[in-house]
Amino acid sequence: MTLVSTPIGNLGDFSDRAAATLAEADLILCEDTRTSARLLTARGITTRTEPLHDHNEQHRIPALIAQLERGRRIAIISDAGTPLLSDPGFRLARAAIAADITLTAVPGPNAAITALTLSGLPPHPFMFSGFLPPRSAARREVMGRLRAAEQAGLSATLIWHEAPHRLAEMLADLADIFGTDRPAAVARELTKRFEEVRRGPVGTLAAWYADNRARGEITVLLGPPAEDDGGAGDLDDRLRAALATLSVKDAASLVAGAINLPRRTVYARALELARQADDPHC
């Protein structure tokens, strides 16, 4: 089974090896067969296609594994970019590995990596997290956990994809959770005619997109925290000071409000610190 990368915009980025692999396959599994038809037609590829998406992947695995074990050559592609990163295919790939079926890949375009190289932000380490939750409360909860991880020592460029109609709100949440001055970038329509990379403090980008509606495929990047950001000791120092006079619940509420992190995240850390204080050998 072969994972084949496809263009994220410009059809000229489709490699000869990728085209040959799809042409020689017995079956191409597509995220959306209608979307993939344009690319396949442009290269004269007539291999049979079938859909593989979140709603059918799990129940299709046994039959597909049986085909692979009989020697059928199956390729997986997504609508754009590298399969599995933000698209279906991971469960089937895991099943193929478990069945000792050879799994290989034809590498190629990837929006997250392309955006990272164009952003001007530190390229490594980085953390790609796909799409954030669409609703603000859930999105802020995820951001808060990442911010807490930073205060425990995480330092990486963070990368997400985002829908254009949610971009302004997502950037505003980033500015609120991580601080308005954090360096950031918004990459839009990569490899296409209207490619654009806008760079600057995340608060400035949030204000820009609040007034200028974005269009197209979007990748958002947030640079790592500054060296004087507070680091691993900041959250714990605040909690230890609060725990000296308050209960775990009250200390977590106080600190969560002061540093703009989700109460649940702070409460979990406060509980751990309280246990360590009760048992120094922890």
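I take contact to mean heavy atoms within 4.5 Å. The model I have open is predicted.

**Entry 1: the sheet.** I looked up the strand order. Five strands make an open sheet, ordered S6-S7-S10-S8-S9. The pairing is mixed. Next I checked the edges. S6 (126-131) and S9 (196-201) stand there, and each has a single partner strand, so one side of each lacks a neighbour in the sheet.

Entry 2: I went to S8 (residues 183-188) and S10 (residues 218-222). These two strands run antiparallel. Five bridges join them. I followed Arg188 across to S10, where its bridge partner is Ile218.

**Entry 3: helices on the sheet.** I looked at H8 (residues 202-211) first. This helix lies across S8, S9 and S10. It runs at about 125° to S9. Then I turned to H5 (residues 111-119). H5 lies across S6, S7 (157-162), S8, S9 and S10. Its angle to S10 is about 50°.

**Entry 4: a helix pair.** Which angle do H3 and H4 pack at? I found about 35° for H3 (residues 57-69) against H4 (residues 90-98), with the axes 9 Å apart. Their crossing is right-handed. From H3, the contact uses Glu57, Gln58, Ile61, Leu64 and Ile65. From H4, I noted Phe90, Arg91, Leu92, Ala95 and Ala96. I sorted this contact by class: seven residues are nonpolar, one is polar and two are charged.

Conventions
Residues numbered from 1 in each chain as written. Predicted model: local features only at pLDDT ≥ 70, side-chain atom pairs only at ≥ 80, totals over all residues. Heavy atoms only, no water. Pairing = 2+ DSSP bridges. Helix = DSSP H or I, 4+ residues; strand = E, 2+ residues; numbered from the N terminus. Axes fitted to C-alpha atoms, helices over the stretch in contact; angles between N-to-C directions. Left-handed = near helix turned anticlockwise from the far one by under 90°. Nonpolar A, V, L, I, M, F, W, Y, C, P; charged D, E, K, R; others polar.
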